[in-house]
Amino acid sequence: MPASEIHILVLAGGDSKRIRTGSPKALLDLCGRPLLDHVLAAAEQLPAASRTLVLGTTHREPIEAWLAAAGRGEWRVAVQESARGTADAVMAALPLLPDQGKVLILCGDTPLISPETLSFLVEQAGGALLTAEVADPTGYGRILRDEEGGLAGIVEQADCDEEREAIQEVNAGVYALDLGALRRVVTGLGRDNAQGELYLTDAAVEVLQETEGVIATLVEADEMMGVNTLADLADASAVKRAEILDHHLSNGVIFDDPGSAYVEDGVEIGPGTRVMPFCVLRRGVRIGAGCAVGPFAHLRPGTVLADGAEVGNFVETKNAELGERAKAKHLSYLGDVTVGARANVGCGTITANYDGKRKHRTVIGERAFIGSGTVLVAPVKIGAGAMTAAGAVVLRGRDVPEGGVVAGVPARPLETKHASDA
């Protein structure tokens with residue numbers, strides 16, 4: 001089906017009560033990105049004529065603010081005024097959708113869904129329903145099949161009897177449906193169920209039966225994992241972290257202890273780099289080839305390590321650029337700093353980048369040697385080949401020239417003796 005006839009609809013109208021944080025579930029962090037971001041990013045891999053997001057009234061404002069900040073203006077927002085069920089959420093979006101075409105419907109709390117799976121569903125001529133076989137089906141709608149294996153119905157958890165509770169094939173909450181048929185069917189739904197809600201599952205079954213849609217069953221059930229509680233978020237995060245680590249391992253990155261490394265989505269690491277135990281690498285960090293990181297290093301956004309750079313024990317970096325073979329091996333904070341190639345940053349060095357109002361940058365030149373316990377009060381520049389003595393405090397604006405040596409508190413230049421002076 002051409003992209004001009006495909007419309008994507010993401011349902012994220014819940015009130016987030018079960019997570020008990022007071023904040024929107026959609027914006028919870030999952031490996032460096034909001035939960036909803038994972039879903040939208042997967043959907044954006046598919047060409048489509050329109051993209052619509054259904055929000056509830058409780059958390060509409062912060063989610064819309066995030067959409068704007070993230071540059072996701074292509075997503076139109078429909079508002080579900082009251083939580084009357086998933087079909088009601090779809091009805092809230094119908095005024096933004098055309099009369100004909102195909103709509104891909106997915107939930108905003110399924111962050112592991114893949115673009116490949118979504119693309120497969122959209123390509124099915126009569127539409128499709130996504131299911132999975134799971135060991136513990138608790139909380140999911142059960143798939144009912146007829147004698148020929150076709151779709152006979154979907155029964156929500158609250159409406160299951162003992163026999164149906166034992167069914168292990170469950171509804172993933174992802175559908176590709178004919179828009180015209182959905183419009184007609186959804187308006188005739190009733191609320192004769194345990195929750196008194198308008199179930200999208202009822203409409204989906206009728207539409208798929210009418211259009212001879214298919215049932216697509218996932219081989220890997222993790223894709224349909226929904227996040228309703230913080231425990232679910234932890235489970236989804238563990239799966240995503242494993243995917244991230246597998247990606248880096250397959251690209252030649254060495255992890256001494258993969259289980260203790262926390263690497264967020266969107267970190268770049270070159271081949272031959274070694275990541276030692278208990279490191280945290282935040283989204284946006286870029287690490288070259290042949291680097292060494294850790295143990296117990298924390299690399300925050302904006303950190304860039306050139307090939308062969310080393311960041312060691314208990315070093316924290318933020319907006320820090322380290323040149324080729326530059327080293328900061330022990331107990332240092334490097335914030336808003338550029339470190340030149342082959343420079344050495346001694347143990348306990350601090351770039352004092354914040355003056356209480358603004359952040360300022362420090363520049364350390366190539367081959368510079370920063371003595372242990374040095375405090376560099378930004379903005380300040382340390383020239384190429386320059387040296388600070390242990391414990392020096394270099395005040396803001398008191399740049400150290402190329403090849404210069406400073407010591408003391410505050411740091412002052414030291415005159416160096418030449419061989420002819422001896």
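Select Phe 278, Phe 296 and Phe 314: together they form one aromatic cluster. The model is predicted, so local features need pLDDT of at least 70 and side-chain atom pairs count only at pLDDT 80 or more, while totals for chains, interfaces and linings use all residues. Residues are numbered from 1 along each chain as its sequence is written, and side-chain values use heavy atoms, with hydrogens and water left out.

A search of the whole structure gives two aromatic pairs (rings of Phe, Tyr and Trp, the last by its six-membered ring, with centres within 6.5 Å; planes under 30 degrees apart are stacked, over 60 edge-to-face, the rest tilted).

Start with Phe 278 and Phe 296, a stacked pair with 5.0 Å centre to centre and 15° between the planes. Phe 278 is in the loop between strands S15 (274-275) and S16 (280-281), and Phe 296, 18 residues apart from it, is in the loop between S18 (292-293) and S19 (298-299). Strands are DSSP runs of E with at least two residues, numbered from the N terminus.

Phe 314 lies in the loop between S21 (310-313) and S22 (316-322), so its pairing with Phe 296 ties together parts 18 residues apart in sequence.

Now colour by accessibility. Phe 278 is partly exposed at 46%, as are Phe 296 at 39% and Phe 314 at 48% (relative accessible area: buried under 20%, exposed over 50%, partly exposed in between; 1.4 Å probe, protein chains only).

Finally, select Tyr 354 and Lys 359. The charged end of Lys 359 sits over the Tyr 354 ring, 5.6 Å from its centre (NZ of Lys or CZ of Arg within 6 Å of the ring centre and within 35 degrees of the ring normal).

How values were computed
Helices (H or I, at least four residues) and strands (E, at least two) are DSSP runs, numbered from the N terminus.
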